[in-house]
Amino acid sequence: MQQVNIHTSTKTYPVFIGNGAIQQLRDIIHEAEDNYTSFMVITDGTVAKHHLDAFHEHTALEPMFEKIVPSGEKAKTFDVYEDCLTSALENKLDRKSLIISFGGGAVGDLAGFVASTYMRGIRFIQVPTTILAHDSAVGGKVAINHPLGKNMIGAFHQPEAVVYDLDFLQTLPEHEVRSGFAEVIKHSLISDEKFYYWLKEEILSLDKMNDSQMLKFLTKGIQIKGSVISEDERETGIRAYLNFGHTLGHAIEAEAGYGKVTHGEAVAIGILFALQLSTQLLGLDFNIEVFKNWLKSLGYETTIPAGLSNEQLLERMKQDKKAVNGSIRFVLLEKVGVPALIEVEEKVLLMNMKKFVEEGEFDD
Ligand SMILES: NC(=O)c1ccc[n+]([C@@H]2O[C@H](COP(=O)([O-])OP(=O)(O)OC[C@H]3O[C@@H](n4cnc5c(N)ncnc54)[C@H](O)[C@@H]3O)[C@@H](O)[C@H]2O)c1
Ligand SMILES: O=C(O)C(=O)C[C@@H](O)[C@H](O)[C@H](O)COP(=O)(O)O
Ligand SMILES: [Zn+2]
């Protein structure tokens with residue numbers, strides 16, 4: 001079992017990572033300085049089907065209410081958010097109640113946002129069940145989507161703890177493993193060249209990763225994220241680097257229709273595009289072809305999905321949270337491990353997107 005402690009300006013909390021970590025949850029809850037009065041677990045239908053019985057068996061908390069929401073991005077809507085608040089009110093959750101998010105990043109973002117706004121904010125714990133959620137469960141960004149943009153309605157609200165039981169990951173379909181692994185690649189590229197090359201040498205197939213490789217890269221990813229947010233919890237500076245690959249990635253997710261392209265799949269395309277821009281604008285010395293071939297060998301798509309218009313994507317990117325006065329800012333790399341936030345002109349972007357589409361393939 002690994003433990004990473006996350007220090008932010010508002011809270012310090014532990015992340016337990018490993019097989020069987022769920023057994024820690026009961027103790028964490030019982031050891032809380034200020035006792036909880038009731039519990040509400042928010043999960044989705046898929047996670048509930050596979051793991052909710054085990055969750056109850058290990059936690060045995062009373063009184064425990066359940067809220068089961070739709071799987072995937074469908075959970076991050078105003079309607080589902082309202083529905084969760086209604087359940088919380090109907091079950092009489094009070095200011096000392098605890099919300100437990102049990103699922104992937106979509107469930108975590110939703111449940112965290114519910115916790116951040118219910119009675120102006122109550123405590124919550126993240127129990128992630130996807131690879132991707134090594135990223136989403138840590139750091140306190142919680143949100144739902146708006147038809148006009150990804151994660152546009154949200155808050156910063158840190159969890160009390162993160163309990164990451166890798167046994168839950170065994171039921172993930174391969175495309176969700178792929179989605180999550182994109183954020184691992186992101187963490188390596190923005191901060192640690194040695195880690196990036198370790199991943200590239202070590203991970204040659206997503207269905208053959210072993211427990212020890214997974215424990216290593218998930219722990220490392222969480223440590224990287226923790227060190228960024230300990231310096232900049234609210235994204236006034238370097239936290240923006242965690243958005244590497246997301247400027248185009250979020251635009252693709254929104255433009256394709258939330259849930260059509262997974263978050264990580266969109267981010268992987270965004271990373272490749274940001275690397276292309278980095279070589280051109282910052283002189284990054286990096287073999288993009290080798291990287292692209294590695295991504296392809298792991299099953300990633302490597303260009304913008306067919307049917308999406310570059311002009312429309314550009315409009316989406318102008319609404320990105322990093323944009324200032326409509327000018328688009330990208331996280332680029334000077335070197336592997338050395339990111340920078342750079343304003344990129346629209347005409348440079350359009351030219352590069354055209355080139356990117358001409359050189360890539362995306363099987364529809
Ligand atoms: N808050 C943050 O810092 C942050 C960081 C990264 C991503 N995100 C957000 O996270 C979301 C993506 O995360 P995700 O891919 O984990 O989302 P998700 O919750 O949609 O999970 C992906 C799919 O896998 C299923 N699933 C989850 N756990 C499973 C398991 N153990 N076995 C089988 N199926 C399982 C879910 O039902 C869903 O269909 C996006 O909305 C993204 O914007 C947030
Ligand atoms: O924690 C962060 O900061 C990130 O940017 C992590 C991203 O992987 C994540 O997708 C996040 O939700 C994006 O945030 P947003 O502010 O661009 O919506
Ligand atoms: Zn992300």
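Tutor: Helix α4 (105-117) provides the largest share of the shell around ligand 1, with 4 residues. The model is a predicted one, and what follows describes that prediction. Besides α4, the helices α2 (45-59), α5 and α6 (174-191) each contribute at least two residues to the shell around ligand 1. The shell around ligand 1 has 31 residues, of which T46, G104, G105, A106 and S136 come nearest. By class, the shell around ligand 1 holds 8 nonpolar, 15 polar and 8 charged residues.

The chain is divided into domain 1 (2-171) and domain 2 (174-359), and the shell around ligand 1 takes at least three residues from each of them. The shell around ligand 2 likewise draws at least three residues from each of domain 1 and domain 2. The residues surrounding ligand 2 are D135, G139, K141, K150, N151, E183, E235, R239, L242, N243, H246 and K321. They divide into 1 nonpolar, 4 polar and 7 charged.

Next, the two domains themselves. Their C-alpha centres are 26 Å apart, and the contact involves 29 residues of domain 1 and 28 residues of domain 2. On the domain 1 side, β1 (2-7), β2 (12-18), α5 (133-136) and β8 (149-156) each supply at least two residues. The most comes from β1, with 4 residues. The side of domain 1 that touches domain 2 consists of 10 nonpolar, 15 polar and 4 charged residues.

One residue of the ligand 2 shell, H246, also belongs to helix α9, where H246, T247, L248, G249, H250, A251, I252, E253, A254 and E255 are buried. Helix α9 (residues 246-256) is largely enclosed by the rest of the structure, because 10 of its 11 residues are buried. What do the buried residues of α9 pack against? Their partners are β8, α10, α12 (310-318) and β10 (329-335). After α9 comes G257, with a positive phi near 105°. Y258 sits in the loop between α9 and α10. Y258 is partly exposed, with 18 other C-beta atoms within 10 Å. Leaving out residues up to four places away in sequence, Y258 touches E73, N145 and E253; E253 is one of the buried residues of α9. From Y258 to K335 there are 77 residues along the sequence and 32 Å in space, C-alpha to C-alpha.

The core takes at least three residues from each of domain 1 and domain 2. Within it, I99 contacts M40, I42, A111, V114, A115, I122 and F124, leaving aside neighbours within four places in sequence.

Strand β9 (residues 162-165) contains V162. V162 is buried: 27 other C-beta atoms lie within 10 Å. Not counting residues up to four places away in sequence, V162 touches V15, Q126, P128, A137 and V138. The C-alpha atoms of V162 and H134 are separated by 9.4 Å, although the two residues are 28 apart along the chain.

Finally, the chain as a whole. Its secondary structure comes to 13 helices and 11 strands. The radius of gyration is 20 Å, close to the 21 Å given by the globule rule for 364 residues, so the chain is as compact as a globular protein of that length. The C-alpha trace spans about 60 × 40 × 40 Å along its principal axes. Of the 364 residues, 46% are buried. Among contacts between residues at least 6 apart in sequence, 75% join residues at least 24 apart.

Methods:
Residues numbered from 1 in each chain as written. Chains lettered and ligands numbered in written order. Predicted model: local features only at pLDDT ≥ 70, side-chain atom pairs only at ≥ 80, totals over all residues. Near = placed C-beta within 6 Å. Nonpolar A, V, L, I, M, F, W, Y, C, P; charged D, E, K, R; others polar. Domains from an automatic or database assignment. Contact = placed C-beta atoms within 7 Å. Rg over C-alpha atoms; globule rule 2.2 N^0.38 Å. Buried ≥ 20, exposed ≤ 12 C-beta atoms within 10 Å, placed from the backbone.
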